[in-house]
Amino acid sequence: TTSSIKNTGYFMQKESSDRKEKPKIALPSGDAYAVLVVGGTSSEVFPTPKRPWRDLGQQASFLVNMGRVYQALAKCMSEDHIICIALLQETLSWLEECVKVGHPPCPEDKTEECRKYYRIGTKERLEWKRQQYKDMLSNVKEACKPILERNGGCAHYDGKQVTPETIINVMTGVAPEGASSPTTLEESGSKQAPPVVPQKGVKSVFLWTNTHGGHHAVSVGVEERKKEGEGQGEMKPKAIDPGELICDVCGKAHLPDTQLKREMSHDHSSLKTREWFMLMPYRTPNTALYDCISTAGHVMDYKAPNHLSSPLQRFYWQHIFSVMHKSQKMEPGRAIICLYQFCTAGGHLKWMENSAMETFHRTQCWPVFMMATAREQQYSLGFSFTNIFLDRLVNELKEDDNNDSSSSSSRKTSTTLKQLYTMSVEKYWKTHKVEATHNKRAASPSFKYGEIEFVCGKESGVLDISVERLFLNKKKPPPQQEDSEPKKTTATT
């Protein structure tokens, strides 16, 4: 039998399923964009009861990673098409203070406590810590030098603009409220309004995120939890009962009498029982963004103590779905490539393979390709996969560029997105041989580390798009024109 797939704008019309060739994506005419996001936790940017000062040390390594990603992408696309959302200026200022005193800046009456916390008991140790912060400062400045130079000493969205809502707005072409106000620009050091991905004229968007990932149970209410001997307990979210629902990690039901959580070291995992998120340092006041997420029992007060964890600082999988849904409505066929560099990132991919999503939203036809550097309940192995993927991308684009000048008979076929991913994963596991051996011996998937996975619109043809079409944005210089007049030659005997 033959069946036809109507031209929805996501790919060119395929008249018959019997045809051997794969559907060819019809990307919109336009440019490639990239959005680079560095997240963080509230306990990094705000003092906590146990540590009454800020500690942005983790941000330094994240920002170095962002700088490397930026520099790699700048070889493929115009720098004004790369948008950064990160605590760049804020972290640099913090590191400069650390260099001065040898430890994180803290209230004067907490100096001794701070030094004890970081085990600074001698003058030598103090100088060593000062040098450590100096090196961190130098590394961030060097890696992010192009960003700092182009944007007035900060990221495009810095400080309190680093929220889940900012990511949504930037990806859907909406200037965040207050982002272009003179006061905000003056505070951030930027000389112009921050950019967004345009709503039209975009062929592809590359979203890269480096932060902390997490998940919590779908909550159905609030319950009191107290330890033995306590009079009044603490009010906590009441988790949904998975019943006999099969867990996506172990393939078993987590019945109360199995003690499976303790034995297998993981919570029940499915879209019906868990919510996956990545953390941003600041909250958004827009609580309407969380109407589609179970937040019962969680801190939803924007003005609650800053050190308390809140969904308002979390970017959930539902948010990226809404971004992609809106993008396909605004400009059908726009390719979106995501690289999630954080723990439990695989949970953000699950919705793409959900049958309800495919039935009601035709997600299998969206030209979306999402990569995760850890499965839904695993730890990530850091920056290595991003580094390998982008190095390979740049090298492949160089080869494709060189092939343009070669004869058609010897020209190499352009590298596809699937080929780039496959080559990157192969090199990744060659780099992590110890972890690969550990994973083979692990008794449960939750005991493994850093397994790379991807999902895509399986009927969209996105896997077969060349990386040149997806990422290359720089215009090639026009060929040199030969002189109209023939060159004079000198006769020789």
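**Aromatic pairs, strands and a helix in a predicted model**

Phe369, Phe385, Phe389, Tyr421, Tyr428, Trp429 and Phe454 form one aromatic cluster. Rings of Phe, Tyr and Trp (its six-membered ring) pair here if their centres lie within 6.5 Å; planes under 30 degrees apart count as stacked, over 60 as edge-to-face and the rest as tilted. The model is predicted, so local features need pLDDT of at least 70 and side-chain atom pairs count only at pLDDT 80 or more, while totals for chains, interfaces and linings use all residues. Residues are numbered from 1 along each chain as its sequence is written, and side-chain values use heavy atoms, with hydrogens and water left out.

The structure holds 20 aromatic pairs. Trp53 and Tyr117 make an edge-to-face pair, 5.4 Å centre to centre with 85° between the planes. Trp53 lies in the loop between α1 and α2 and Tyr117 in helix α4 (residues 111–117), so this pair ties together parts that are 64 residues apart in sequence. Helices (H or I, at least four residues) and strands (E, at least two) are DSSP runs, numbered from the N terminus. Trp53 counts as buried at 2% relative accessibility, whereas Tyr117 counts as partly exposed at 45%. Buried means under 20% relative accessible area, exposed over 50%, and partly exposed in between (1.4 Å probe, protein chains only).

The rings of Tyr379 and Tyr449 have their centres 6.4 Å apart and their planes at 25°, so the pair is stacked. The pair links distant parts of the chain, 70 residues apart: Tyr379 is in the loop between β10 (368–372) and α12 (384–404), and Tyr449 is in the loop between α14 (433–441) and β11 (453–456). Tyr379 is exposed, with a relative accessible area of 57%; Tyr449, at 33% relative accessibility, counts as partly exposed.

Next, the strands. Strand β1 (residues 31–38) is mostly covered, with seven of its eight residues buried. Two strands pair if DSSP finds at least two bridges between them. Eight bridges join β1 to strand β3 (residues 202–210), and the two run parallel; the bridge partner of Asp31 in β3 is Val202. Strand β2 (residues 82–85) also runs parallel to β1, joined by four bridges, and Cys84 in β2 stands opposite Leu36.

An open sheet of three strands has the order β4-β7-β8, with antiparallel pairing. Its edge strands are β4 (213–217) and β8 (314–316), each of which pairs on one side only. The twist averages 40° from one strand to the next. Five bridges join β4 to β7 (residues 274–279), and Gly214 stands opposite Phe277 in β7. The charged end of Arg314 sits over the ring of Phe277, 4.5 Å from its centre; the criterion is NZ of Lys or CZ of Arg within 6 Å of the ring centre and within 35 degrees of the ring normal. Helix α10 (residues 317–330) lies across β7 and β8, running at about 60° to β8. Axes are lines fitted to C-alpha atoms, for helices over the stretch in contact, and angles run from 0 to 180 degrees between N-to-C directions.

The last element is helix α3 (residues 88–101). At 1.5 Å a residue, its 14 residues should span 20 Å, and its end C-alpha atoms are 21 Å apart, which agrees; the expected span is 1.5 Å times one less than the number of residues. Leu88, Glu90, Thr91, Leu92, Trp94, Leu95, Cys98 and Val99 are buried in α3. What covers them includes α1 (42–45), α2 (57–73), α5 (123–143) and α6 (145–150), where contact means heavy atoms within 4.5 Å. Gly102 follows α3 and has a positive phi, near 85°.
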